[in-house]
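Visitor: Could you walk me through this structure? I'm new to this, so please spell out the terms as we go.

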Amino acid sequence: MSDQPTHVLLIEDNPGDADLVRLRLVECKSAVDVNCAGRLSDGLASLAKDVPSVVLLDLNLPDSRGAETFRKVLEQAPNVPVVILSGQDDEALALKALHQGVQDYLLKGSLTSAGLDRALRYAVERQALLRSLEMSRKQQLEFKNQFLSHVSHELRTPLTCIHQFVTILLDGLAGEVNAEQRDHLKTILKSVNQLGAMVRDLLEASRAESGKTRIEPRCVSIADLIHAAVAMMQAAAHEKGVGLEVGVDTTLPFVHGDPDRILEVLINLLDNGIKFTPAGGAVTVKACAVPSDPDFVYVSVADTGCGIVPEAKALIFERLYQDPNAVDNNRKGLGLGLFIAKELISLHGGRIWVASEPGQGSTFSFTLPLYSLAKLLFPVITYQGCLRDAIVLLKVDLRPQSKPARGNWKETCQRCLDILQRCVYLDKDLVLPPMTSSGPEQTYLVVASTDMDRVPIMMTRIREQLEKVADLKASGELTLSAEPVTLPGPADPLDKQVQEVANRVTEMARLALGPAENSKSARRDAPIAQREPQKMENGKWQIIKS
Amino acid sequence: MANHKILIVDDDPDLRQALRLRLRANRYDTVNAVDGYSAIAVAYKERPDLIILDLGLPAGDGFIVLDRLQRDDKLSTIPVIVLTARDPQSSEQRSLAAGAAAFFQKPADNAELLEVIRATLPKGTAALPS
């Protein structure tokens, strides 16, 4: 340790004990200065101002006792070494303190000057070591991520080259190919695609590990996603002679999830199921609501394959795990698929698990949270235990003028949504998760805690901000409209009132977005009074033009 | 009417050749550029109807090319499709924000790429390939 004086913050309420500690510290050979606080609140205030070398902490203070005391100090200053100085010889408490990050637990009775000096110096050293270990772990993780990102980029170039020329040969662009050659080329293409998927998984897993995976939840139909995934895997199943069956409750409610990521999970599970099921077997996807767990939808992918041994069940979602006993004619993957699936489902707030017996097949199940408007609305439309005085539903329609390139328009809409989210009040307005629309038109809905008189001001603000999106002005048309939400009577419990508002908003949104079949023509003919500008009637959309 | 002309910007000669074969088979004419600097020069000289742009390029990467195309009155109307080995999570939004009409990660699905090329090409400038 250097010759720099050790700054000790002593948090101790007993003046006698404080003096004793001070005395012992002064007797030490090392240079020490002591700052004393008699209450936890004073100690925390001092920690907020400047950082001592070490905190000496009594647990029983006028404003805090026991474990609560060190928990608060660790929370306030997680990087400062904390040494407890206690009158009670409580081994259980001492261990608990150490597990939570306290460096040492000393007893007041057996305090010698040399012992205290050494304990403090070692506490400082240990804390410094821990910090540098943590830093180097973070650096290594960062380095590994950069390396993987670089590698997967470099691998993609030769991979692309093989992919391109194989498809050129297969498509006959370089002359006729006979049937046998075609088969070989298809095998190459299949392997190239596998390699591409592995490169993608590598990057995805490293991202998941460092908490950089992002999801963009919306209101989505799980039934549609299952049908899409099954359609994508049908060819592979057919080729292997494995049946692919779907059992989806058609009345399933929407879930709150990222459609691309859920599709990824489904495809991964289906791919595994098909891979481990012998010809003549079947893979079945089911989705249903479970009455005992009403906030989630349950999805399962069951196969009639070789099953999983009990020891492997706990490990199967770990990174890089591969069943060493799996008898499989196919190539193994990297062992990242289920790890990524677990990360994605957890990010959605769901669970994923497997039930299996060796030789009896496996059933992978996961849950996804239901899209609950009431849950999203509750903090926004209630204030101090009551419903807000007035609630309005705003509709922001974006319509492209001519048919632009899809990348551009999609990007324009996304930017408008970002801006919209930024120009509402987070505590009293809610931008509803966008519905997936089939056409280029995009409608965003905002539930706003305001009354119709103030809507024009809000709309002017939104319009001014949205029109800053250059492409929107150049290539699209913006229409804003609003309709008040009729509020339920105050007699019901608050939960019920919020649910009632959610139901009304849902019904209004359904009308606003057109009939459930989001075919373009149906949407355009939706019975919304949007072609009657400047006209205000109860229950009709009021268009605000700037 | 003449075929549409597409400028391929990629530093990898094999990838340029593959893309050229694929585009010619779909009745597009192609011209090449091998780096960021020549991309702008060739775009000036050849006035392509569309540019397929790699991001990792010597002498000015793809984002610099996008920026220079956007700033140039004569070139800013040419649609650009980004085709790169880079990770979409870090480059897709940035490419679209910089003015690209679409983003594809390599290896791209041929049918999808051709469909987006068709949809992105300015209408009425040349005969549409069948």
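Visitor: How many residue pairs are in polar contact between chain A and chain B?

Guide: Between chain A and chain B there are five residue pairs in polar contact, counting pairs with both residues at pLDDT 80 or more. A polar contact is a pair of N or O atoms within 3.5 Å; within protein, one must be able to donate a hydrogen and the other to accept it, and residues adjacent in sequence count only if both atoms are side-chain atoms. This is a predicted model, where local features need pLDDT of at least 70 and side-chain atom pairs count only at pLDDT 80 or more, while totals for chains, interfaces and linings use all residues. Residues are numbered from 1 along each chain as its sequence is written, chains are lettered from A and ligands numbered from 1 in the order in which they are written, and side-chain values use heavy atoms, with hydrogens and water left out.

Visitor: Which helix of chain A gives the largest share of the side that touches chain B?

Guide: That is helix 5 of chain A, with 11 residues, and helix 5 (113-170), helix 6 and helix 12 (406-422) each supply at least two residues of that side. Helices (H or I, at least four residues) and strands (E, at least two) are DSSP runs, numbered from the N terminus.

Visitor: And what about salt bridges?

Guide: The rule finds two salt bridges across the interface of chain A and chain B, a salt bridge being a side-chain nitrogen of Lys or Arg within 4 Å of a carboxyl oxygen of Asp or Glu. A:R207 forms a salt bridge with B:D87, and their closest N and O atoms are 2.3 Å apart.

Visitor: How much area do the two chains bury between them?

Guide: Chain A and chain B bury about 2300 Å² between them, with 55% of it on carbon and sulfur atoms; buried area is the accessible area (1.4 Å probe) that two parts lose on being put together, summed over both. A:R156, A:Q164 and A:E411 supply 21% of the area that chain A buries against chain B, more than any other three residues.

Visitor: Changing topic: is A:D303 buried or exposed, and what is the nearest side chain of opposite charge?

Guide: A:D303, which sits in strand 10 (residues 296-303) of chain A, is buried yet has no salt bridge, and the nearest side chain of opposite charge, A:K240, is 9.8 Å away. Buried means under 20% relative accessible area, exposed over 50%, and partly exposed in between (1.4 Å probe, protein chains only), while for charge Lys and Arg count as positive and Asp and Glu as negative, with His and the chain ends not counted.

Visitor: What does its side chain reach, then?

Guide: The side chain of A:D303 reaches the backbone nitrogen of A:G305 at 2.9 Å.

Visitor: Now chain B. How do its elements run?

Guide: Chain B has five helices and five strands, and from the N terminus on they run β-α-β-α-β-α-β-α-β-α. Of the 130 residues in chain B, 52% are buried.

Visitor: Where is there a cis peptide bond?

Guide: A cis peptide bond joins B:K106 and B:P107, with omega about -10°, and B:P107 is in the loop between strand 5 (102-105) and helix 5 (110-120) of chain B. Most residues other than glycine have a negative phi, and most peptide bonds are trans.

Visitor: Which residue has a positive phi near 60°?

Guide: That is B:R27, a residue other than glycine, found in the loop between helix 1 (13-25) and strand 2 (29-33) of chain B. B:R27 is partly exposed, with a relative accessible area of 46%.
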